[in-house]
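User: I would like to go through this model by question and answer. Please start with the strands.

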Amino acid sequence: MSSNPSRRDPYDALPYVSMPITYSQPALLAAQAHLRGIDAPPAETASVLEIGAASGGNIIPLAVRYPRAHFHGVDLAAAHVEIGRRSITELGLSNVTLEQGDIVDADFGGRHFDYIICHGVFSWAPPEAQRAILKVCADTLSDKGIAAISYNVFPGWHVRNVIRDICLEHTRKGGPPRSQVAAVRALLKGIAEASSDNDPYGAIVRAEAARLSARPASYILGELLAVYNQPFHIREVISQAGDHGLAYLGEADLMSSVPEYFAPMAAQRIRATAGSSPIAVEQYADMFSGRTFRRSLFTHAECRAQPPSPTPLLSLHITANPRAQATDAAVEPALAAVHEMLTKQYPASVAVADLVAAAGQAVLPALYEMVARGRASVSTVPVALGLADQSRPVLWRVARADAATGQPWVTNLLHAPVLLNPLLRALGPLMDGAKTRDQLVSALEAALRSGALSETDLPRIENGGAANRLASTVDRLVAHCARNGLLAP
Ligand SMILES: C[S@@+](CC[C@H](N)C(=O)[O-])C[C@H]1O[C@@H](n2cnc3c(N)ncnc32)[C@H](O)[C@@H]1O
């Protein structure tokens, strides 16, 4: 791939923080395809391409978890690729590569990919790059492969464009990226405070200023100050994909694909307005909900998908956060048993077949509803995790490497970021399975003596003497890691 200097990426000036993108895991994409009647290639041995992979924060942890799969990332920004290649070398990986280049010039030499991930790129790249992304998907996706592409959508983004317009106008003279972000934050706050309570403009700016105050500088740079940010009507994206021989499969989560779950208050009206066309249902769902973002899945047009249904769940693995589970379990004993099994295992997964064997076939529709309501996620590969009782705790190797870098988060085995606290940052790199809890307590003592940790970094533990308190601190840390999917089995 050539590196055309005229298409140099603005991220070279301020690198993007590359993180795991949970939904893009091939085992989750395969499960979504499976629910719609398509047997996508096995995730364990898949060949995966990520377009706009940044520094590999998404594919590098996957390469560690799936040593028989192969991952290739392409990114325009040389700075991203350099950072990512350093991580690959440090982790000693041979099944993941990162290449610097423009997707417009891509030539994969006849290679095919079972999964193509393109997150946070399509709307934010010029039209020739958008066409190239669809062409690469059409040309290199294997027969039953799945492409996952995210993008901004209208009409929801018309509202956000009010804010983007303010931001672009205010920073049109340029300047260092961080100063631009600070300037637009201050301006939006000022407009929000000064605008009338009674008009829609003030309401939009107030809501957006409040939302943006919680978002990082990279978000403001990438969405509001980016040179390109082209939202689409979903119908246009489906039509452009169709021109390349790709078919729309649905959204990356079941909930977003079904108006009854995604927009329950509006579902009846959406269906009545849209009629029988599934594409019109998608389009009107965006109009009724004001959704701003989509994560759409595509296959080759020849793949014949079915409407999603409960039966394919039987060969999948399910993970359900106890906090997200429905509270009506008590009234339905079979379902209560299922919730108990899922809660006991969480955050590890349970095979749906095991749940059905234990509680009966009748729980299948209820499990499907949990998935469709976004209360559980499904995967073709089980999620196995270490438990809090490990005598020599093993923080999985990507998290150990992440903790040692100084970044504020680590990637867990559910492929999600977990915020680092000072204790985990200090002891995490030592939790390699070789050290006993007593040795971790000694390391904690040493860290307190050296000033690397202070008393305020420790949890409040009322009972016991100093030694007990440190041992309890290590126990709590290990339990925290287990709860957050950070311990290797
Ligand atoms: C917002 S970041 C998203 C990174 C990553 N996919 C994620 O979601 O975390 C967009 C990335 O796409 C890359 N990119 C933009 N245009 C590209 C192009 N034409 N070819 C390859 N990469 C591109 C940028 O360098 C940047 O790393």
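Analyst: A term is needed before the strands are discussed: two strands count as paired if DSSP finds at least two bridges between them. The model is a predicted one.

User: Which residue in β10 stands opposite H317?

Analyst: Strand β8 covers residues 317-320, and its pairing with β10 is antiparallel over 4 bridges. In that pairing, the residue opposite H317 is S379.

User: Which strands are the edge strands of the open sheet?

Analyst: The sheet has 3 strands in the order β9-β8-β10, with antiparallel pairing. An edge strand pairs on one side only, and that applies to β9 (350-351) and β10 (376-379).

User: Which helix gives the most to the side of domain 1 that touches domain 3?

Analyst: The domain assignment gives domain 1 as 5-154 + 231-300 and domain 3 as 311-379. Their C-alpha centres are 28 Å apart, and the contact takes 10 residues from domain 1 and 9 residues from domain 3. On the domain 1 side, α1 (26-35) and α10 (254-257) each supply at least two residues. The most, 5 residues, comes from α1.

User: How many charged residues does the shell around the ligand have?

Analyst: The ligand is surrounded by 23 residues, and the closest are G52, L76, A77, I103 and G120. By class, the shell has 14 nonpolar and 6 polar residues, and the number of charged residues is 3.

User: What covers the buried residues of α8?

Analyst: Helix α8 spans residues 217-224, and its buried residues are I220, L221, E223 and L224. The elements covering them include α5 (156-170), α6 (177-194) and α7 (200-213).

Terms used
Residues numbered from 1 in each chain as written. Predicted model: local features only at pLDDT ≥ 70, side-chain atom pairs only at ≥ 80, totals over all residues. Near = placed C-beta within 6 Å. Nonpolar A, V, L, I, M, F, W, Y, C, P; charged D, E, K, R; others polar. Buried ≥ 20, exposed ≤ 12 C-beta atoms within 10 Å, placed from the backbone. Contact = placed C-beta atoms within 7 Å. Domains from an automatic or database assignment.
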